[in-house]
Amino acid sequence: MSSQEKTLAYIKQRQPRYVLSRELYVDADVYREDLAQIWHKEWIFAGHSFELEKPGQYMTLQIGDYPIVLVRGADGELRAFHNVCPHRGSKLCQGSSGKSAKLVCPYHKWTFGLDGKLLFAGNMSNDFDPLHHGLKQAHCAVVETHVYVCVAETAPDFETFRQALTPFVAPHNLADCKVAFESTIVEKGNWKLVFENNRECYHCEGSHPELLNSFVENLSVAGVADGSDPALEAFWDRCETAGLPSRMVLADNGQYRITRIPLSANAASYTMDGKPAVNGRLDQSGVENIGALLYFNYPSTWNHFLGDHALSFRVLPVGPGETLVTTKWLVHKNAQEGIDYQLDNLTRVWIATNDQDRGLVEGTHAGVTSPAYQPGRYSDVAENGPCQFDDWYCDTMKSRLAD
């Protein structure tokens with residue numbers, strides 16, 4: 001039985017509203033199919049365009065099997081290249097970020113322009129044509145500073161997502177932001193466990209005391225199903241009247257959701273006291289306590305936008321039981337640490353929450369690895385979010401594995 005047939009068989013065995021089976025979390029062949037059918041075909045969140053503001057600035061990331069470098073060209077364009085020298089395969093940019101006038105291979109000093117064209121290759125014969133040895137480009141798209149990369153030969157539609165997201169995020173003026181702090185942690189658990197954990201707050205009361213000073217899960221939107229909630233409707237009305245789109249938008253296939261939810265009473269930000277962490281506002285609505293604008297886009301990101309700052313989260317698989325999670329705290333580009341915000345106050349809640357989630361994911365991965373594990377049933381009240389993620393995962397894999 002091939003890995004595709006085996007993975008498809010595991011997925012077909014899943015019962016509705018039940019957690020995934022052991023093999024779908026830990027089997028090496030399943031992981032290979034996750035990469036091939038999802039990570040190597042979908043748009044993957046990479047970072048923010050303002051992180052690469054000047055020509056020559058670059059960042060790198062690993063999307064499954066593919067090392068990628070994003071670089072700002074001399075013409076101002078942002079491009080994604082496979083971070084592989086077309087000579088003998090060495091990675092060109094080996095750090096996570098940097099700035100260089102040209103991209104130079106550390107092995108044999110082949111030199112490329114910021115547009116990917118080969119500029120220099122020493123000791124090659126006269127019939128060698130540099131035009132045929134430039135860097136291989138990957139797909140790159142930007143929406144409201146969020147940079148996405150796709151390594152597939154043909155990228156799926158991006159415009160529908162761009163049109164859905166833009167009205168929601170535009171009022172938060174991310175183009176005027178900077179990264180105040182970045183945290184990267186490795187969670188020793190399968191990437192699906194990371195997203196399942198993110199999609200519910202059933203565990204929050206017992207695990208996230210810092211977060212619960214301000215965050216309140218709204219079950220009407222957690223499972224991305226329309227629910228009747230008069231208080232939420234009133235909140236949406238108030239925000240939308242002020243020019244802040246808030247009512248939930250859900251992708252037809254469930255891949256992304258965008259909505260705004262209120263925070264706890266009198267809370268304006270993710271801080272220990274609920275007060276703003278940063279002086280000033282990102283938005284110009286003038287409305288107090290605009291809650292948190294949330295969007296996720298499977299398989300690689302979830303995001304939170306508040307009145308005073310924003311957060312982006314990036315998920316990248318490292319192996320069947322290892323996932324890289326990067327969090328970035330975004331503030332206005334003119335905000336000064338120590339004057340307009342205190343770094344500990346800004347980051348404390350989510351540094352603690354991320355670490356707590358890491359422990360939960362790792363404990364779950366250790367448990368589902370056991371041959372004694374059997375998939376449990378999701379709560380009809382508090383676990384519609386992770387069930388919706390699993391539904392999306394299974395539906396996506398079935399459609400592609402069956403082709």
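## Lining of the largest pocket

In this predicted model, strand β2 gives the largest share of the lining of the largest pocket, six residues. Strands are DSSP runs of E, at least two residues, numbered from the N terminus. A pocket is an open set of points on a 1 Å grid over the protein atoms alone, where a 1.4 Å probe fits, with protein on both sides within 12 Å along at least five of seven lines; lining residues have an atom within 4 Å of a point.

The lining has 27 residues, and M59, T60, S96, S97 and R314 lie nearest the centre of the pocket. At least two lining residues come from each of β2 (57–63), β5 (97–99), β11 (177–187), β16 (310–319) and β17 (322–332). Ten lining residues are nonpolar, twelve polar and five charged (nonpolar: Ala, Val, Leu, Ile, Met, Phe, Trp, Tyr, Cys and Pro; charged: Asp, Glu, Lys and Arg; polar: the others, Gly among them).

## The seven-stranded sheet

An open sheet of seven strands runs in the order β11-β17-β16-β15-β14-β13-β12, with antiparallel pairing. Its edge strands, β11 and β12 (249–250), each pair on one side only. Two strands pair if DSSP finds at least two bridges between them.

Strands β14 (residues 292–297) and β15 (residues 301–305) form an antiparallel pair over five bridges. Y295 stands opposite N303 in β15.

## Basis of the values

Residues are numbered from 1 along each chain as its sequence is written. Local features need pLDDT of at least 70 and side-chain atom pairs count only at pLDDT 80 or more, while totals for chains, interfaces and linings use all residues; side-chain values use heavy atoms, with hydrogens and water left out.

How values were computed
Helix = DSSP H or I, 4+ residues; strand = E, 2+ residues; numbered from the N terminus.
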